[in-house]
Every structure is written in structure tokens, then in C-alpha cells.
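Today I'm going through a fold and jotting down what I look up.

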Amino acid sequence: MGSVKDYFSSLGSGISSLLKGMAVTGKEFVTPKITEKYPENRETVHVPKRFRAILQLDYDAEGRHKCIACGMCERSCPNGTIHLTTKMVDTPDGKKKKKLEKYEYDLGSCTFCQLCVTNCPTSAISFSNDFEQAVFTREKLVKKLNYLPEKEEPMPSPEEMAKIEAEKQARIAAAKAAAAAKKAAAAEAEKVEDKESKTEKPLDTNI
């Protein structure tokens, strides 16, 4: 008796579930249809500005970016999507400076978490909302973001060069003065030590 009751109970719940599903299907039959004419309307299709499609390196009107190759984006990425290649260059004032050589970004492994953008100290990168990023091979998903030729650093003006040279000579003079003072102090300490050793009384051995 119990098995017959369970049978009709399960049958009733199945019919109820079927009717609910058919009600949803029937509702869709009478709902007005909306047809997206993509890709014909790609020029007018609305994509939200907050939509994250692909990471990009932002360039200004002169073709320069603000990336200082600090590596914060690479360290912030949770799954190694970003890889930076850097190089050291000499600046006009004789100092060393790290510069970006290659900015590689793997769209296929990006989780669009935006940690790289949030942690960038110079706001050099951002996510675009260009959603058309479909390709046929995974290799094409690895992109080089610094695609423009690297521009040379602007040369300092004659006044700036004179100031840099004056600061350099001042540092050299200060270093020489510090070395001379250290040498003089060492010589003075040596003289005092010799004087004390000469005036030191001999030990009395007649005990």
C-alpha cells in the first residue's frame, strides 16, 4: 500500500513540475522578441563603460605611456597573467633608470579582477570595454601591450645640464672632503697612539 502511495505522490509531483515548466515555455511564446543585429550594429551597440574586456597600456597624445616598470601589476596578478621584461638605461645626469622593454599579457588566463589596475602607482594601465577579442588559437591571446616604438627621453636644457653638472661636482667635492677628513682623523689617531706607546712606563721586573 505504501509503495502505491509513493508512486502516485511522485507522479503528482512530476506532473506539477512539468506544468510549471510548460507555463514558463508558454510565457516565452507570447513575449515580444528582441533581435540583436550583430555584427551589423557593432558601431552603435551599447557596451557598459565598466565592462572589463582586455587590459591595455594607456598612451598619451605624444605616444608615451606612464609605466615605470615597477612590477606592481605583475606581483599583484593572482595567476601570472602579466610578465614584464625590463632594462637599465643611463640618464643624462649619469644615473641608472629602469625602463620597460616588453609588457606581455595573457588574456586567456586573466580573471579580470583588476588588481593590477588598482595597484598601479602611476595609473598606466586600464581595462577597455572592447569585447571583440575572439581568436582561433590560444597563442594569439598573449599580447604585447607596449606596441608603440619607445620614444627617447627628452634631453635636458642647457640650464638643467649646468645644474646637473654643478650638483655632480658638489657631490664629488663632498666625497673627497669626507675621504680627506677620514684620512686625517686616522692619521691623528695613529699619532696619539704612537705618543702614548712612547710615554708608557716600562714594567718593573724587580719583584
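This is a predicted model: local features need pLDDT of at least 70, side-chain atom pairs count only at pLDDT 80 or more; totals for chains, interfaces and linings use all residues.

Which residues of the largest nonpolar core touch the most other members? I get Leu-55, Leu-57, Ile-82, Tyr-103, Tyr-105 and Ile-125, out of 21 residues in that core. (Core here: buried Ala, Val, Leu, Ile, Met, Phe, Trp, Tyr and Cys joined through side-chain atoms within 4.5 Å; buried is under 20% relative accessible area, exposed over 50%, partly exposed in between, with a 1.4 Å probe and protein chains only.)

Numbering runs from 1 along each chain as its sequence is written, and side-chain values use heavy atoms, without hydrogens and water.

(Strands are DSSP E runs of at least two residues, numbered from the N terminus.)

Next I looked up Leu-57. Its contacts (heavy atoms within 4.5 Å) include His-65, Cys-67, Leu-100, Tyr-103 and Ile-125, leaving aside residues up to four places away in sequence.

Then the sheet: it is open and antiparallel, ordered E2-E3-E5. (Pairing takes at least two DSSP bridges.) E2 (82-90) and E5 (142-144) are the edges. E3 (96-106) meets E5 over 3 bridges, and Glu-104 sits opposite Lys-144.

Last, cysteines. I find 0 disulfides (sulfur pairs within 2.5 Å). Cys-70 has its nearest cysteine sulfur, Cys-120's, 6.1 Å away. Cys-73 is buried at 8%, whereas Cys-70 is partly exposed at 30%.

Terms used
Helices (H or I, at least four residues) and strands (E, at least two) are DSSP runs, numbered from the N terminus.
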